[in-house]
Amino acid sequence: MKPIRRTVLAAMAAGAVLAGAACGSGFDDDSSETQQQSGPVSLQILIGSSGQAETTAVQEAAAKWASSSGNTATVTPAQDLTQQLGQAFAGDSPPDVFYVDAGRFADYASVGALEPYGDKISNPDDFYESLRTTFTYDGKLYCAPKDFSTLALVVNTDLWSKAGLTEADIPTTWDQLTAVSQKIKTSGTVPLALGDTRDRIGAFMVQAGGWITSADGKTATADSPENLQALQYVQGLLKNKYAQYPKALDAGWAGEAFGKGKAAMTIEGNWIKGALQADFPNVKYTAHPLPAGPKGQGTLSFTNCWGIAAKSKNKDAAVKFVEAMTTAEQQMAYAKAFGVMPSRQSAGGQFTQEYPADKAFIDGAAYAQGPVNAPKMDSVLADFDTGLQGLASGDPKALLTRVQKNTESALGQ
């Protein structure tokens, strides 16, 4: 997986979905178009691939399923998944099965674009609870989590030693993070490269016991003492130069700054492994759980689910396809092929055994917070990110007050 980025184009595509639903081609219409076809079917699958390794792995798995089931399955990697899905929904011709980003899920579910098939998948409770929550809307588990990533504290072992630190100094609390940052800064190195959006800084909010909305996505919770405490702590890191944003380190993202040796630590997802192997193969590093905050451990999760179109004519076959794609065995095959972590708990032990260096990432599933699970939040979250980019000299309380007001408006409160 790559660092999460939101675009204006994505917002426009989501708008096309909502407009399509509002103009009489509602996705939950009970029309003959949605009736099941009998006999062999041809599934159309649209994926947002991270690269050729993922595309090949999914195509091979789909071909195996098709061969054993007597159906056909065509896997197409999207150039821009959100845009293409938006156009397909607006044109009333969605693919049968497609990736749904967690940050987009509520937009699709809220307009009836998705078939809520979660209870038809074998042992849905085997999916990590945090991932089930991410893809639950109005009390229904809509779709099966495909895989996931979490954030962890990544440490450059050479720069760590240069600062006179040892394995025993790996910070497990905010206070310890501050203490080691002081030592690292004294050694002449930037302590922490930190992404400047909610997709990284939000982890501190979770560690303080806060978040932007309630768990069900129905209530705005941004303006809280917990969130204020988190932003004030991060502001302190920035003001003391214990943490710096990527742009201040002449980097496009925190992983690049870390790879260039411009910071001793970063907070990133397990996608950093592939990025460092490709661009900075000589960097030695270890990954650890994020330091706990006042309310305990916390991290963020990033995930997709296998969405099924509410208007698909091939829902039964589509569910069977997703069933095959989400077995523990198949998920481990995907892990080996392109580095993702399995969304089924039953595969967690095998994953940790085969990839012990990634243990901190998969263990994070137990205390991870997924993306905001509410529709129409794009502009709200984009504005929040803009505020966070000026956090070092900004007013955290005023920022949270604005996010609260904007969230309430988006939720219709």
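Biologist: Leaving aside neighbours within four places in sequence, what is Phe204 in contact with?

Modeller: Trp174, Leu177, Leu194, Ala230, Tyr233, Val234, Leu237 and Ile267; contact means heavy atoms within 4.5 Å. This is a predicted model, where local features need pLDDT of at least 70, side-chain atom pairs count only at pLDDT 80 or more, and totals for chains, interfaces and linings use all residues. Residues are numbered from 1 along each chain as its sequence is written, and side-chain values use heavy atoms, without hydrogens or water.

Biologist: OK, and which residues touch the most other members of the largest nonpolar core?

Modeller: Phe204, Ile212, Leu231 and Met265, out of 73 residues. A nonpolar core is a set of buried Ala, Val, Leu, Ile, Met, Phe, Trp, Tyr and Cys residues joined through side-chain atoms within 4.5 Å. Buried is under 20% relative accessible area, exposed over 50%, partly exposed in between (1.4 Å probe, protein chains only).

Biologist: Which helix gives that core its largest share?

Modeller: Helix α9 (residues 225-239), with 7 residues. Helices (H or I, at least four residues) and strands (E, at least two) are DSSP runs, numbered from the N terminus.

Biologist: Switching to strands: how many residues of β6 are buried?

Modeller: 13 of 13, across residues 144-156.

Biologist: And how does β6 pair with β9?

Modeller: Antiparallel, over 5 bridges, with β9 covering residues 263-269. Strands pair if DSSP finds at least two bridges between them. Val155 stands opposite Met265 there.

Biologist: What about β11, how many bridges?

Modeller: 6, also antiparallel; Thr150 has Ser301 as its bridge partner.
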